[in-house]
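Welcome! Have the protein chain in view, and let us walk through it together, one topic at a time.

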Amino acid sequence: MPDKMNKLLLLALFVATLASTNAIKCYQCTDCAAEANEDDLSDCASYLTACYITEEVNGDTTTYHRGCSFAPANLEGDDCEKIVNPSINNGIDQLRCHCGGDACNDKIQEITTTV
């Protein structure tokens, strides 16, 4: 029995090491500028597999948010969706993009899906 427990412990340590070395790096900020700031680039939790950036337009005001996330199932690859439904987001138009590479959420990508 101890031999089996040692193997399980080694497997758990291997998986934990692998997960920590594969963490994606994303820009992470709230109400930030359109251009990414290098100081905002940091490691994501190992279970998060994508970066995101949102652009919200409310009248004359445009705000940006960046961070770590899961890749949404309805989007493929590095993809964006524009949400223009007035019943979502209190009527604020939102462009939301997800991507899967380090520091890929530095700027808004081309719109490919409209919701």
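This is a predicted model: local features need pLDDT of at least 70, side-chain atom pairs count only at pLDDT 80 or more; totals for chains, interfaces and linings use all residues.

## Reading the fold

Helices (H or I, at least four residues) and strands (E, at least two) are DSSP runs, numbered from the N terminus. Starting at the N terminus, the elements of the protein chain follow the order α-β-β-β-β-β-β-β-β.

Residues are numbered from 1 along each chain as its sequence is written, and side-chain values use heavy atoms, with hydrogens and water left out.

## Inside and outside

How much of the protein chain is buried? Of its 115 residues, 27% are buried. Here buried means under 20% relative accessible area, exposed means over 50%, and partly exposed is in between (1.4 Å probe, protein chains only). The protein chain exposes about 7500 Å², and carbon and sulfur atoms supply 53% of that area. Accessible areas come from the Shrake-Rupley method with a 1.4 Å probe; for residues, only the protein chains shown count as cover.

Contacts tell us how the chain folds back on itself. A contact means heavy atoms within 4.5 Å. Among contacts between residues at least 6 apart in sequence, 56% join residues at least 24 apart.

Look for Asn22 in the loop between helix H1 (2-21) and strand S1 (25-27). Asn22 is exposed, with a relative accessible area of 53%. Cys44 is 22 residues away from Asn22 in sequence, and the two are 9.7 Å apart in space, C-alpha to C-alpha.

Which side chains meet in a salt bridge? Those of Lys25 and Asp43 do, at 3.5 Å from N to O. This pair links distant parts of the chain, 18 residues apart: Lys25 is in strand S1 and Asp43 in strand S3 (residues 41-43). The rule asks for a side-chain nitrogen of Lys or Arg within 4 Å of a carboxyl oxygen of Asp or Glu, and by it the count comes to one salt bridge. Lys25 is partly exposed at 37% relative accessibility, and Asp43 is also partly exposed, at 49%.

## Two positive phi angles

Most residues other than glycine have a negative phi. Asp31, in strand S2 (residues 29-32), has a positive phi near 50°. Asp31 counts as exposed, with 56% relative accessibility.

Ala103 also has a positive phi, near 60°. You can find Ala103 in the loop between strand S7 (93-99) and strand S8 (113-114), where Ala103 is partly exposed at 23% relative accessible area.

## Strands S4 and S7

Strands S4 and S7 run antiparallel and are joined by seven bridges; two strands pair if DSSP finds at least two bridges between them. Glu55 stands opposite Leu95 in S7. S7 is mostly covered, with five of its seven residues buried.

Is Thr54 buried or exposed? Thr54, found in strand S4 (residues 50-58), is buried at 7% relative accessibility. Leaving aside neighbours within four places in sequence, the contacts of Thr54 include Gln94, Leu95 and Arg96, as well as Thr63, Tyr64, His65 and Ile108.

## Nonpolar cores

A nonpolar core is a set of buried Ala, Val, Leu, Ile, Met, Phe, Trp, Tyr and Cys residues joined through side-chain atoms within 4.5 Å. The largest one has eight residues: Ile24, Cys26, Cys44, Leu48, Cys51, Cys68, Cys99 and Cys104. Apart from it lies another core of seven residues, including Cys29, Cys32, Cys80 and Leu95.

Not counting residues up to four places away in sequence, Cys104 touches Cys51, Cys99 and Gln109.

## An aromatic pair

A search of the whole structure finds one aromatic pair. Tyr47 and Phe70 form this tilted pair, 6.2 Å centre to centre with 35° between the planes. Tyr47 lies in the loop between S3 and S4 and Phe70 in the loop between strand S5 (61-69) and strand S6 (79-83), so the pair ties together parts that are 23 residues apart in sequence.

Rings of Phe, Tyr and Trp (its six-membered ring) pair if their centres lie within 6.5 Å; planes under 30 degrees apart count as stacked, over 60 as edge-to-face and the rest as tilted. Tyr47 is exposed at 56% relative accessibility, whereas Phe70 is partly exposed at 49%.
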